[in-house]
Amino acid sequence: MSDEQDDEALAAEWAAALGEQEDGESGGDMGDMSAEDFMAEAQKAELEPLVDTGSRLNDEDSPNLDVILDIPVTISMEVGSTDLSIRNLLQLNQGSVVELDRLAGEALDVKVNGTLIAHGEVVVVNEKFGIRLTDIISPSERIRKLG
């Protein structure tokens, strides 16, 4: 099927759907329109251009960032990962060693709600583990990694 035939078929479907809608509302005759007529009408339609009215948000209208500052997020540090079959997973027991995809001493991934935001190294603070951030992932790089 050619692109032109696809367009005509799509136009016919839209015309039929709009005709059904019109019939239900005011008994219109859009359903009787041919695909060519519908395409011609659709091409005639013009959209108004967007115009910058110059209005800006004032302090009353601006979003209050304090509202989101207390929302809890989950931060996690990932030492590494590996893929296991379910068979091997079920065979794990106390004392089993699972080899990860990271080298010893390599930076850990710091994730917030599952999204990588930084890399860091393990430190001990008051007899508890902590992490020293060594590299922050830029927002543009985070977006690039999503695609």
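How many helices and strands does the chain have? The chain has 5 helices and 4 strands, where helices (H or I, at least four residues) and strands (E, at least two) are DSSP runs numbered from the N terminus. This is a predicted model, in which local features need pLDDT of at least 70, side-chain atom pairs count only at pLDDT 80 or more, and totals for chains, interfaces and linings use all residues. Residues are numbered from 1 along each chain as its sequence is written, and side-chain values use heavy atoms, with hydrogens and water left out.

**Chain overview**

- Along the sequence, the elements follow the pattern α-α-α-β-α-β-β-β-α.
- The mean pLDDT of the chain is 79, and 68% of the residues score at least 70; pLDDT is the predictor's confidence in each residue, from 0 to 100.
- Of the 147 residues in the chain, 11% are buried; buried means under 20% relative accessible area, exposed over 50%, and partly exposed in between (1.4 Å probe, protein chains only).
- The chain exposes about 12800 Å², with carbon and sulfur atoms supplying 53% of it; accessible areas come from the Shrake-Rupley method with a 1.4 Å probe, and for residues only the protein chains shown count as cover.
- Taking contacts between residues at least 6 apart in sequence, 30% join residues at least 24 apart; contact means heavy atoms within 4.5 Å.

**Sheet layout**

- The 4 strands form an open antiparallel sheet in the order β1-β2-β3-β4; two strands pair if DSSP finds at least two bridges between them.
- β1 (75-78) and β4 (128-136) are the edge strands, each pairing on one side only.
- On average, neighbouring strands of this sheet are turned by 40° against each other, direction ignored; axes are lines fitted to C-alpha atoms, for helices over the stretch in contact, and angles run from 0 to 180 degrees between N-to-C directions.

**Strand pairs and hairpins**

- β1 and β2 run antiparallel and are joined by 4 bridges; Glu78 has Asp109 in β2 as its bridge partner.
- β2 and β3 are antiparallel, with 5 bridges between them, and Leu108 stands opposite Gly120 in β3.
- The hairpin of β2 and β3 has 2 residues between the strands, and Asn113 in its turn has a positive phi of about 50°.
- β3 (residues 115-125) pairs with β4 over 8 bridges in the antiparallel sense; Gly120 stands opposite Leu133 in β4, and Val122 has Ile131 as its bridge partner there.
- β3 and β4 also form a hairpin with 2 residues between them, where Asn126 in the turn has a positive phi of about 50°.

**Strand β2**

- β2 is largely enclosed by the rest of the structure, because 4 of its 5 residues are buried.
- Asp109 lies in β2 and counts as buried because its relative accessibility is 10%.
- Leaving aside neighbours within four places in sequence, the contacts of Asp109 include Met77, Arg102 and Ala118.
- Lys111 is also placed in β2 (residues 108-112), and its side chain makes a polar contact of 3.1 Å with the side chain of Glu78.
- Beyond neighbours within four places in sequence, Lys111 is in contact with Thr74, Ile75, Ser76, Glu78 and Leu116.

How values were computed. Polar contact = N/O pair within 3.5 Å; in protein donor to acceptor, adjacent residues only side chain to side chain.
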